[in-house]
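Please consider the structure shown here, together with its sequence. The account that follows leads from the sheet to the helices and then to the aromatic side chains.

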Amino acid sequence: MAVEPVNLAGRLVHLAPLSLAHCEELTAAVRDGALWRHWYTTAPEPEQMRAEIERRLGLQAQGSMLPFTVIEQASGRAVGMTTYMNIDSKHYRVEIGSTWLARGVQRSGINTEAKLLLLAHAFESLDCIAVELRTHVLNHQSRRAIERLGAKLDGILRNHQRARNGTLRDTCVYSIIAPEWPTIRAHLQWQLDKDRAD
């Protein structure tokens, strides 16, 4: 499985390969909602945005991550980040994670369409057998969003990692497997079409 930089575009969102050229707009985006203050998330502090972009690009060079800038189609502005991570080319699995979005575009359909684009590419172009999504056990907003996608909870990794503030993180691991994809694709498309009609 070769995971190469790619542009993925829909009606609401364009997922572009992450670049240092996006640094200024991403810095403004992370300030919208002061996302780095949520101790259970991985959003970078504004002053650390360049270093975070460089870190993700370094992981891309090692073959373990493919990072994207989330660009709002209507404005052309960068409004967040997302990635394929923990890429397992031998077993055709990826995780979608390290995602954050500016508060102003949350609940706008952008996250749903971004996940639809990432899942479609994973299952239909990369031939993945499974896609994982993970989040902090206490990040209830993220857990609800993952469950709305149709992902199933595989389990909870207890004391899995240390959070930025030093506390221990229990990680909820969700997955979507290839046989489930056609139904989940139809469900996500229905959600986007329904929101558009409302």
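The paragraphs below describe this predicted model.

Eight strands form an open sheet in the order 1-2-3-4-5-6-8-7, and their pairing is mixed. Strand 1 (8–9) and strand 7 (152–162) are the edge strands, each of which pairs on one side only. Strand 2 (residues 13–17) and strand 3 run antiparallel and are joined by five bridges. Val13, for its part, has Glu72 in strand 3 as its bridge partner.

Helix 4, in turn, lies across strand 6 (130–136) and strand 8 (168–177), and it runs at about 160° to strand 6.

Which residues of helix 4 (residues 140–149) are buried? They are Arg143, Ala145, Ile146 and Leu149. When helix 4 is viewed down its axis, these buried residues fall within an arc of 165°, and they therefore line one face of the helix. After helix 4 comes Gly150, which has a positive phi, near 105°.

The aromatic side chains complete the picture. A search of the whole structure finds two aromatic pairs. In one of them, the ring centres of Phe68 and Tyr84 are 5.8 Å apart and the ring planes stand at 80°, so this pair is edge-to-face; the cut-off for that class is an angle over 60 degrees. Because Phe68 belongs to strand 3 (residues 65–72) and Tyr84 to strand 4 (residues 78–88), the pair ties together parts that are 16 residues apart in sequence. Are these two residues buried or exposed? Phe68 is buried, its relative accessible area being 1%, and Tyr84 likewise counts as buried, at 0% relative accessibility.

Phe123 and Trp181 also form an aromatic pair, with 5.5 Å from centre to centre and 25° between the planes; this pair is stacked. Phe123 lies in helix 3 (residues 110–125) and Trp181 in helix 5 (residues 181–197), so the pair ties together parts that are 58 residues apart in sequence. Both Phe123 and Trp181 are buried.

Technical notes
Residues numbered from 1 in each chain as written. Predicted model: local features only at pLDDT ≥ 70, side-chain atom pairs only at ≥ 80, totals over all residues. Heavy atoms only, no water. Phe/Tyr/Trp six-rings, centres within 6.5 Å; stacked < 30°, edge-to-face > 60°. Helix = DSSP H or I, 4+ residues; strand = E, 2+ residues; numbered from the N terminus. Buried < 20%, exposed > 50% of the residue type's maximum accessible area, 1.4 Å probe, protein only. Arc of directions from axis to C-beta. Pairing = 2+ DSSP bridges. Contact = heavy atoms within 4.5 Å. Axes fitted to C-alpha atoms, helices over the stretch in contact; angles between N-to-C directions.
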